[in-house]
Amino acid sequence: MPQLPAPDYPADVRARLDADAKEVVARYPDSRSALLPLLHLVQSQEGYVTRTGVRFCAETLGLTTAEVTAVSTFYSMYRRKPGGDYQVGVCTNTLCAVMGGDAIFDELKQHLGVGNNETTEDGKVTLEHIECNAACDFAPVVMVNWEFFDDQTPESAKRLVDDLREGRPVRPTRGAPLCTYKETARILAGFPDERPGAVGATGGAGPASLIGLKLAKGEAPQHRVVHPRGEAQQQDGPPHDPSPSEHLSSHDAPQQTSASDPAHPAGPETEEGE
């Protein structure tokens, strides 16, 4: 059966959201460009994008509910159902997975008694696997409400979720202090984080992230990360300091192959049979 039109927010909630939405929409030359932050705004109200939230966005921006629904179901940061106060995302993409992300995710599922995108009975933690946190040099990485918890192990991850469920203070590895999912959604909507010290919180990139920057500035790296093919690794003595002409990694060193070596007489037909 077709669903009835979604109910509106209570009058006081609607008035508050209208004022917030007006501020958000004013930032954009085209009002429909404000849809993404408005979806975060309504998510900050109920913890997920409800039918009422979809109606609010549609009425505010002059869109259809179908258009709003299409966007809200496309992006994974918008919840489609109620969730916990803390969204615990375990990166299971390639590097984090081989460094222990798969083991962390499996351990947390068993420890919390939930599956992917499910919430603990106390409503505190929603567990999900995510594709990439863009922090590969800190692998394996867990994010809680989009804040970084680096270099995790199954044991440290279990302690982390236990602390979240018990209300004990938890500090991200870098970035702003942790807040609830609803509070995070309001920040993502574009409203300032007014907690003391939140704006001044910082974090640094890891050494592997900074190699490209150092090379761009003409700074030679201190040691080779991966030895080129054929070079024996040093067992003793100080790290080898490569000259600027040497490659950092065997993966980016050009190899003499039949396709790339002009001196190689072989053509495609010969290569195919090699």
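Is K109 buried, partly exposed or exposed? I looked it up and found K109 partly exposed, at 28% relative accessibility. My cut-offs: buried means under 20% relative accessible area, exposed over 50%, and partly exposed in between (1.4 Å probe, protein chains only).

**Ground rules.** I am working on a predicted model, where local features need pLDDT of at least 70, side-chain atom pairs count only at pLDDT 80 or more, and totals for chains, interfaces and linings use all residues. Residues are numbered from 1 along each chain as its sequence is written, and side-chain values use heavy atoms, with hydrogens and water left out.

**Salt bridges.** I counted 14 salt bridges in the structure. The term means a side-chain nitrogen of Lys or Arg within 4 Å of a carboxyl oxygen of Asp or Glu.

**K109 and its partner.** I found K109 in a salt bridge with D106, with the closest N and O atoms 3.7 Å apart. D106 is partly exposed, at 45% relative accessibility. Both sit in helix α5 (residues 94-112), 3 residues apart, so about one helical turn separates them. Helices here are DSSP runs (H or I, at least four residues), numbered from the N terminus.

**R14 and D18.** Next I checked R14, which forms a salt bridge with D18 at 3.2 Å between the closest N and O atoms. They lie 4 residues apart in helix α1 (residues 11-25), so again about one helical turn lies between them. R14 is buried at 16%, whereas D18 is partly exposed at 32%. I also noted a network of salt bridges linking D8, R14, D18, R55 and E59.

**D163 and R168.** Last, I looked at the salt bridge between D163 and R168, 2.6 Å from N to O. D163 is partly exposed at 24%, and R168 is partly exposed at 42%.

Terms used: Helix = DSSP H or I, 4+ residues; strand = E, 2+ residues; numbered from the N terminus.
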